[in-house]
Amino acid sequence: MRSPIVLVPACVAQAGPHLAHTAHLKYVAAVADGARCTPLIVPALGAATDFEALLAVADGVMLTGSPSNVNAGLYGETVLDPSLPQDPARDATTLPLIRAAIKRGIPLLAICRGFQEMNVALGGSLHQALHGVPGMAEHRERKDDPLDQQYAPSHRVLLDPGGQLARLLDGAGEIMVNSLHGQGINRLAAGLAVEARADDGLVEAYRVEGAKSFALAVQWHPEWRFSENPDSVKLFRAFGDACRAYKADR
């Protein structure tokens, strides 16, 4: 009996002199080893994507982080810093995929950029530069630090005691997370419920209210060395279990 198939939308990135559809190994490993599902990397083809064909075989969708930002025009703003990387092909692929997956009840886990694009896909907006927002802490990594330091726990998040995330983390009230993002939630989309906040009030996790299945998004990076973090292990196991349940009910 086949394992559940989880769609992992790719980014468009430079690979030497050529453009390539890319997905970091850490995300693929988190699906394969953490969720115990089969990852299927989806090229960022935008409107040329056959979404019906993909969703017909999908038992889950995982949206990854990325160096690029969701284009501000998608939530009615002008890009403040054009020097920051954009990925319009990914935007044009993931936003309709998110809406279609939720409508079908396909389990969905969104991480970092995925967390932000899911909010935008459902009508929310972002702070384009959190470090310029009064009262907000510094959420960016130090890019000169070794990766182990960039992805080390940076701050705590406070979990909604009645939320899905707190339940799957065995009732935890707070957890320590890493922080590698310059943008974040401004206006939370209608139909999303806050699952966790940082001490500065920034939304760090949310769920889709009334979703037919698992539909959870986190701003941090649980995929980083997930097997060494009990909270990340529980998160990916819960996502994988939801994908198996969806597959069984097809």
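Guide: Let us begin with one pair, bearing in mind that the model is predicted. The side chains of Arg 156 and Glu 174 form a salt bridge, with their closest N and O atoms 3.0 Å apart. This pair links distant parts of the chain, since Arg 156 belongs to strand β8 and Glu 174 to strand β9, 18 residues apart.

Visitor: Are Arg 156 and Glu 174 buried, exposed or partly exposed?

Guide: The reading rests on relative accessible area: under 20% is buried, over 50% is exposed, and the range in between is partly exposed. Arg 156 has 31% and is therefore partly exposed. Glu 174, with 43%, is also partly exposed.

Visitor: How does strand β8 pair with β9, and with strand β11?

Guide: For each pairing one reads the direction and the number of bridges. β8 and β9 run antiparallel and are joined by 4 bridges; here Leu 158 has Glu 174 of β9 as its bridge partner.

Visitor: Which residues of β8 lie on its covered face, and which on its uncovered one?

Guide: In β8 (residues 155-159), His 155, Val 157 and Leu 159 make up the covered face, whereas Arg 156 and Leu 158 form the uncovered one.

Visitor: What covers the buried residues of α1?

Guide: In α1 (residues 25-34) they are Lys 26, Tyr 27, Ala 29, Ala 30, Val 31 and Gly 34. Their cover includes β1 (5-9), β4 (38-42), β5 (60-63), β6 (108-111) and α7 (230-249). Just after α1, Arg 36 takes a positive phi of about 60°.

Visitor: How far apart are Glu 117 and Arg 113 in helix α4?

Guide: They are 4 residues apart, which means a separation of about one helical turn. Their salt bridge has its closest N and O atoms 2.5 Å apart, and both residues are buried. Together with Arg 90 and Asp 91, they are linked in a network of salt bridges. Asn 119 is also in α4 (residues 113-121), and it counts as buried because its relative accessibility is 0%. Beyond its sequence neighbours, its contacts include Leu 126, Ile 185 and Tyr 206.

Visitor: Which residues lie nearest the centre of the largest pocket?

Guide: For a pocket, one reads volume, lining and residue class. The largest pocket holds about 780 Å³. Of its 35 lining residues, Ser 66, Pro 67, Glu 141, Lys 143 and Leu 180 lie nearest the centre. Helices α1, α4 and α5 (147-150) each supply at least two lining residues. By class, the lining has 15 nonpolar, 14 polar and 6 charged residues.

Notes:
Residues are numbered from 1 along each chain as its sequence is written. This is a predicted model: local features need pLDDT of at least 70, side-chain atom pairs count only at pLDDT 80 or more; totals for chains, interfaces and linings use all residues. Side-chain values use heavy atoms; hydrogens and water are left out. Buried means under 20% relative accessible area, exposed over 50%, partly exposed in between (1.4 Å probe, protein chains only). Contact means heavy atoms within 4.5 Å. On a 1 Å grid over the protein atoms alone, a cavity is a set of points where a 1.4 Å probe fits but cannot get out, and a pocket is an open set with protein on both sides within 12 Å along at least five of seven lines; lining residues have an atom within 4 Å of a point. Grid points are joined across faces, edges and corners, and a volume is the space filled by probe spheres set on the points. Ala, Val, Leu, Ile, Met, Phe, Trp, Tyr, Cys and Pro count as nonpolar, Asp, Glu, Lys and Arg as charged, and the others, Gly among them, as polar. Two strands pair if DSSP finds at least two bridges between them. A salt bridge is a side-chain nitrogen of Lys or Arg within 4 Å of a carboxyl oxygen of Asp or Glu. Lists of a residue's contacts leave out its neighbours within four places in sequence.
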